[in-house]
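Here are my notes on how the two parts of this chain meet. Please read them with the structure open.

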Amino acid sequence: MSGWEQNVRRVTPYTPGEQPTQSGVIKLNTNENPYPPSPLVKRALEQADADRLRLYPSISCDELVEGLAKRYGLDKANLFVGVGSDDVLSMAFLTFFKSDRPILFPDITYSFYEVWAQVYGIPYKTVPLREDFSLSAEDYFGENGGVVIANPNAPTGICAHADTIESIIAANRDSVVIIDEAYVDFGAESVIGLIKKYDNLLVVQTFSKSRSMAGMRIGFAAGSEKLIRYLNSVKFSINSYTMNTLSQICGAAAIKDEEYFKKTVAQIIATRERAKERLIELGFTLTDSKANFLFAKHNKRDAKEIFTKLKEKNIYVRWWDKPRISDYLRITVGTDEQMDALYSALKQIL
Ligand SMILES: *Cc1c(COP(=O)(O)O)cnc(C)c1O
């Protein structure tokens with residue numbers, strides 16, 4: 001090993017789902033929204049002035065933050081925006097988790113949490129979910145350096161009741177509790193309103209899933225003024241201009257279109273519930289997902305085999321070779337046509 005290599009920060013990076021380059025793939029592997037963003041986003045892009053790109057973007061992301069404040073009934077001082085919720089979460093880990101005590105998160109959850117803990121040198125402990133992948137609040141009542149919960153959880157889609165989540169926040173007034181609500185719009189209950197009651201609560205959401213804007217990279221956090229101030233101090237110590245001008249413009253346009261948002265979310269929920277019935281008919285057992293994906297285990301056939309055969313048919317889903325979940329496939333809810341193609345392919349495979 002070269003001398004300099006001994007001083008390299010070594011990490012095992014997060015592995016995102018595959019982004020195929022060939023056309024004709026039915027892509028149900030990264031929980032993207034199958035519908036386009038709001039027409040207001042398209043219009044905002046068309047009307048955007050390229051000359052404006054000469055200037056640095058707004059530091060405070062005013063228009064976007066104002067839109068979010070209005071939509072969620074919060075003050076601007078309660079909001080923080082970033083380059084996707086991954087950026088927001090990563091900043092939050094760096095800002096709030098400096099204790100010697102381990103931070104806690106479930107054994108089965110968004111695998112990025114472990115990666116951020118490792119890269120920032122944050123001690124962490126994973127807490128096993130129950131056998132049925134449900135969350136037991138009491139497991140988070142002991143001493144810790146922070147808590148991170150995805151609700152609904154990924155990749156199970158299971159959501160905990162808002163009271164369960166609140167009991168975790170209430171039991172941890174000396175730690176910051178991050179609730180990652182990436183999928184909350186697809187039928188779970190948000191705890192964003194609780195930021196007024198608990199100054200240790202940070203709720204993180206994204207435009208990538210329910211607002212069809214994964215390619216724009218927009219995420220945000222809501223929390224007490226104090227929490228947001230600390231978050232901003234760290235963010236401004238690393239990069240003042242994270243959110244580019246076009247993302248800010250398009251995000252502000254998207255948040256105005258409540259009608260379109262409701263319509264597309266309702267469509268995905270309807271497709272998801274139908275998909276549950278169809279997959280049960282095909283021999284799968286599913287969790288009660290409240291997200292824009294399904295978590296499905298076949299009663300007879302091997303998950304890896306189904307995953308591979310679907311891929312040969314140009315249908316991409318997600319499978320992990322990990323303890324407890326290697327019998328499962330995570331299938332993003334697509335359009336009704338995409339889901340029909342999935343059922344036909346599965347009929348041939350099974
Ligand atoms: C998709 C996802 C994110 C990150 O989304 P961004 O595209 O970075 O906003 C965060 N948490 C969970 C649980 C997710 O599934």
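**Notes on the domain interface**

1. The chain is assigned two domains: domain 1 (18–37 + 259–349) and domain 2 (39–256). These bounds come from an automatic or database domain assignment. The model is predicted: local features need pLDDT of at least 70, side-chain atom pairs count only at pLDDT 80 or more, and totals for chains, interfaces and linings use all residues. Residues are numbered from 1 along each chain as its sequence is written, and side-chain values use heavy atoms, with hydrogens and water left out.

2. The centres of domain 1 and domain 2, taken over C-alpha atoms, lie 25 Å apart. Domain 1 brings 27 residues to the contact and domain 2 brings 31 (heavy atoms within 4.5 Å).

3. About 2200 Å² is buried between the domains. Buried area is the accessible area (1.4 Å probe) that two parts lose on being put together, summed over both. Carbon and sulfur atoms give 63% of it. On the domain 1 side, F261, K290 and R324 supply 32% of the area buried against domain 2, more than any other three residues.

4. The rule finds one salt bridge across this interface (a side-chain nitrogen of Lys or Arg within 4 Å of a carboxyl oxygen of Asp or Glu). D107 and R324 form a salt bridge, with their closest N and O atoms 2.8 Å apart.

5. Which element gives the largest share of the side of domain 1 that touches domain 2? That is α8, with six residues. Helices (H or I, at least four residues) and strands (E, at least two) are DSSP runs, numbered from the N terminus.
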